[in-house]
Amino acid sequence: MSQSTTQALNEWMEKLPPEIQNKLREQLNSIANYTPRVGIMGKSGAGKSSLANAIVGKQVFEVGHLGGCTRDLQEEVVQIENRELIFVDLPGIAENPERHEEYKKLYEEQLPKLDIILWVIKIDDRAQKDDLEFYQWLTQRYKKEQIIFVLSQSDKAYPPKEWDWDSFKPGKRQQDTISEKLKLTKQDFKIHSYSNIVSFAYEYDEEKDKANSYNLELLIEYIIHNMPRQAKSSFYASVAEEAKTEKAKEEALDGFLGWVDETLDDIIDYAPWPKVIREPAKKAKTALLKGAKKLWGKLFG
């Protein structure tokens with residue numbers, strides 16, 4: 001933490017008994033320095049590298065760098081100022097049916113460590129039987145809410161000639177195609193909420209060093225909404241500035257405030273503190289929650 005952040009933290013906690021301050025500081029350090037782990041899966045050519053580049057707002061991965069057909073698990077650590085974000089490239093099940101069992105072992109090892117899974121499917125692909133069967137297997141071991149389907153390369157939706165390259169948005173008939181594809185994917189995978197599926201497109205002009213994206217802001221909102229509480233704020237702080245919306249900020253902030261509330265309860269109510277420590281801490285809790293919003297700004301804003 002920077003000196004100003006440490007000072008803000010000390011001022012925020014000054015009304016708490018020293019014993020509780022120390023315990024709370026430990027917990028805050030863990031969430032302030034949390035490194036989110038984002039799993040990305042999909043077939044070769046689905047656009048996983050472009051998706052990762054769009055999220056961080058940098059050309060970190062070359063196109064095809066995050067491969068679809070691999071026996072090994074690949075981790076890529078991206079530095080964003082004083083933070084880290086880890087992308088975990090998960091092997092594509094349907095591309096290697098003969099290695100299903102091998103891949104399942106890899107997944108079982110990694111799933112507890114992942115804060116979100118982005119399943120990338122090209123807009124003109126249809127789910128295969130292997131995809132659907134693997135999704136059933138996956139959701140028995142991982143929360144459905146933490147799997148987001150990204151329908152990539154939406155600029156190629158029929159008819160591709162209608163794509164508006166100036167605004168980087170689909171034309172009317174393309175939007176109809178995309179809407180139908182969203183509906184079909186939702187039906188195929190029995191997805192409960194549209195916040196777990198989003199259409200997406202990305203383009204990087206190397207000569208101009210300029211990127212365009214479609215639905216990136218919506219994707220970021222969905223990711224933060226569906227992530228575990230402890231990962232929301234660090235992820236928000238790590239994504240491209242142009243992708244940060246007020247709604248994404250509110251989701252991350254609400255997650256942090258909820259975490260602070262729950263953590264204070266755990267520390268005050270369940271730790272073996274004597275009454276002389278517990279009572280002043282309870283009185284200070286309301287004031288602490290009010291000040292937590294300002295502290296979030298220092299830590300993640």
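**Exercise 1. Classify Asn215: is it buried or exposed, or partly exposed?**

Solution. Asn215 has a relative accessibility of 23%. Buried means under 20% relative accessible area, exposed means over 50%, and partly exposed is in between (1.4 Å probe, protein chains only). Asn215 therefore counts as partly exposed. Next, check its backbone: phi of Asn215 is near 70°, a positive value in a residue other than glycine.

Before going on, note that this is a predicted model: local features need pLDDT of at least 70, side-chain atom pairs count only at pLDDT 80 or more, and totals for chains, interfaces and linings use all residues. Residues are numbered from 1 along each chain as its sequence is written, and side-chain values use heavy atoms, with hydrogens and water left out.

**Exercise 2. Find where Asp209 lies, and state its phi.**

Solution. Asp209 is in the loop between strand S7 (201-205) and strand S8 (210-214). Helices (H or I, at least four residues) and strands (E, at least two) are DSSP runs, numbered from the N terminus. Phi of Asp209 is positive, about 50°, although Asp209 is not a glycine. Asp209 is exposed, at 57% relative accessible area.

**Exercise 3. How many residues of helix H3 (residues 48-56) are buried?**

Solution. Nine of its nine residues are buried, so H3 is mostly covered. Among them are Lys48, Leu51 and Val56. Now step past the helix end. Just after H3, Gly57 takes a positive phi of about 75°.

**Exercise 4. Which residues does a cis peptide bond join?**

Solution. The bond joins Tyr158 and Pro159, with omega about -10°. Pro159 is found in the loop between strand S5 (147-152) and H6.

**Exercise 5. Name the members of the aromatic cluster.**

Solution. Rings of Phe, Tyr and Trp (its six-membered ring) pair if their centres lie within 6.5 Å; planes under 30 degrees apart count as stacked, over 60 as edge-to-face and the rest as tilted. The count comes to 19 aromatic pairs. One cluster is formed by Tyr107, Trp119, Phe134, Tyr135, Trp137, Phe149 and Phe189.
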